[in-house]
Amino acid sequence: MILTRRQALVLSAGAAAFALTGLRVGSAHANSDKTQKAIAEFAGGKTPQSGKITLTAPEIAENGNTVPVSVAVDSPMTEGSYVRSVMLLADGNPNPGVATFNFTPMSGSAAATTRMRLAKTQNVIAVAKMSDGSVYMDEKQVKVTIGGCGG
Amino acid sequence: MATSKPRVKVPKTASAGEVITIKTLISHEMESGQRKDKQGNPIPRKIINKFSCEFNGMPVFSCDIDPAISANPYFEFNAKVPQSGTFKFAWVDDDGSIYAHEEAIEVK
């Protein structure tokens, strides 16, 4: 059977759509037990809320060995109300822990940037703990073309 | 390890109460413990596991580090500068060695 140009286009579009939905289904179940445990331990029994914390990571990382990642938390950073710490997690790494940033009112603003390793395409999670005990969370998916762990 | 040389960028001057940005980088291989050598034996983990910054003895920022941080760990963060003083930085290695660095800042 010889495909016309139009048929070929329809077929490839269908394949692309299939690949995309496949990825979505994968990411919905991505939170591994280890990650859940780490978040629960860090949050100390509180359920993380959304908002206040912004995680910035590239959508596509060409090299998983150095992926720039930033977190920023909306907070006045005064003695009475500040961000105690922010935990970074990479869900698809052999160990999800990346780093925990500890802030003080002397930090001025709760923002930090670093570079991390990602083994494969996965969700990166940032959880912030405030001085009043409330917990906020943000999540981003990062597509990795070359893995960073065990290379 | 003598090759772990810290590089730190702090502004030379600031106005009182200003929030400045500090950039730090230290050369370190950050062996994750996940890799294997040519014979298939695991390479033991050797990373910097803690970084801290204090200003005139008061803690400003610190970081607990896991193997997922890239080689030559880079950290960028902010600090409030109430008066002239010295920032002290310290990186703690798995083998117990501490790499220290100081930067002075003047408030105008």
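Student: What makes strand 3 and strand 6 of chain A a pair, and in which sense do they run?

Tutor: In this predicted model, strand 3 (residues 67-73) and strand 6 (residues 110-116) of chain A are joined by 7 bridges in the antiparallel sense. Pairing requires at least two bridges, so the two strands qualify as a pair. Within this pairing, A:Ser70 stands opposite A:Thr113 of strand 6.

Student: What is the order of the strands in the open sheet?

Tutor: The sheet has 6 strands in the order 1(A)-3(A)-6(A)-6(B)-3(B)-1(B), with antiparallel pairing. Strand 1 (53-56) of chain A and strand 1 (6-9) of chain B have a single partner strand each, so they stand at the edges, with one side lacking a neighbour in the sheet. From one strand to the next, the twist averages 20 degrees.

Student: How do you know that strand 1 of chain B pairs with strand 3 of chain B?

Tutor: These two strands are joined by 4 bridges and run antiparallel. Since at least two bridges are required, they count as a pair. B:Arg7 stands opposite B:Leu25 of strand 3.

Student: Which residues form the covered face of strand 1 of chain B, and which the uncovered one?

Tutor: B:Pro6 and B:Val8 form the covered face, whereas B:Arg7 and B:Lys9 form the uncovered one. In a regular strand, side chains alternate between the two faces of the sheet.

Student: How many helices and strands does chain B have?

Tutor: Chain B has 0 helices and 8 strands. Of its 108 residues, 42% are buried.

Student: Are B:Cys53 and B:Cys63 buried or exposed?

Tutor: Buried means under 20% relative accessible area. B:Cys53 has 2% relative accessibility and therefore counts as buried. B:Cys63, with a relative accessible area of 0%, is likewise buried.

Student: Why is B:Asn56 called partly exposed?

Tutor: Its relative accessible area is 38%. Buried is under 20% and exposed is over 50%, so B:Asn56 falls in between and is partly exposed. B:Asn56 is not a glycine, yet has a positive phi of about 45 degrees. Its place is the loop between strand 4 (48-55) and strand 5 (58-65) of chain B.

Student: Which element gives the most to the lining of the largest pocket?

Tutor: Helix 2 of chain A gives the most, with 4 residues. The pocket has a volume of about 190 Å³. Its lining includes A:Lys34, A:Glu41 and A:Met87, as well as B:Asp66 and B:Pro67 of chain B. Helix 2 (33-43) and strand 4 (83-90) of chain A are the elements that give two or more residues.

Student: What is the make-up of the lining of the largest pocket by class?

Tutor: The lining has 5 nonpolar, 2 polar and 4 charged residues.

How values were computed
Residues are numbered from 1 along each chain as its sequence is written. Chains are lettered from A and ligands numbered from 1 in the order in which they are written. This is a predicted model: local features need pLDDT of at least 70, side-chain atom pairs count only at pLDDT 80 or more; totals for chains, interfaces and linings use all residues. Side-chain values use heavy atoms; hydrogens and water are left out. Buried means under 20% relative accessible area, exposed over 50%, partly exposed in between (1.4 Å probe, protein chains only). Axes are lines fitted to C-alpha atoms, for helices over the stretch in contact, and angles run from 0 to 180 degrees between N-to-C directions. On a 1 Å grid over the protein atoms alone, a cavity is a set of points where a 1.4 Å probe fits but cannot get out, and a pocket is an open set with protein on both sides within 12 Å along at least five of seven lines; lining residues have an atom within 4 Å of a point. Grid points are joined across faces, edges and corners, and a volume is the space filled by probe spheres set on the points. Ala, Val, Leu, Ile, Met, Phe, Trp, Tyr, Cys and Pro count as nonpolar, Asp, Glu, Lys and Arg as charged, and the others, Gly among them, as polar.
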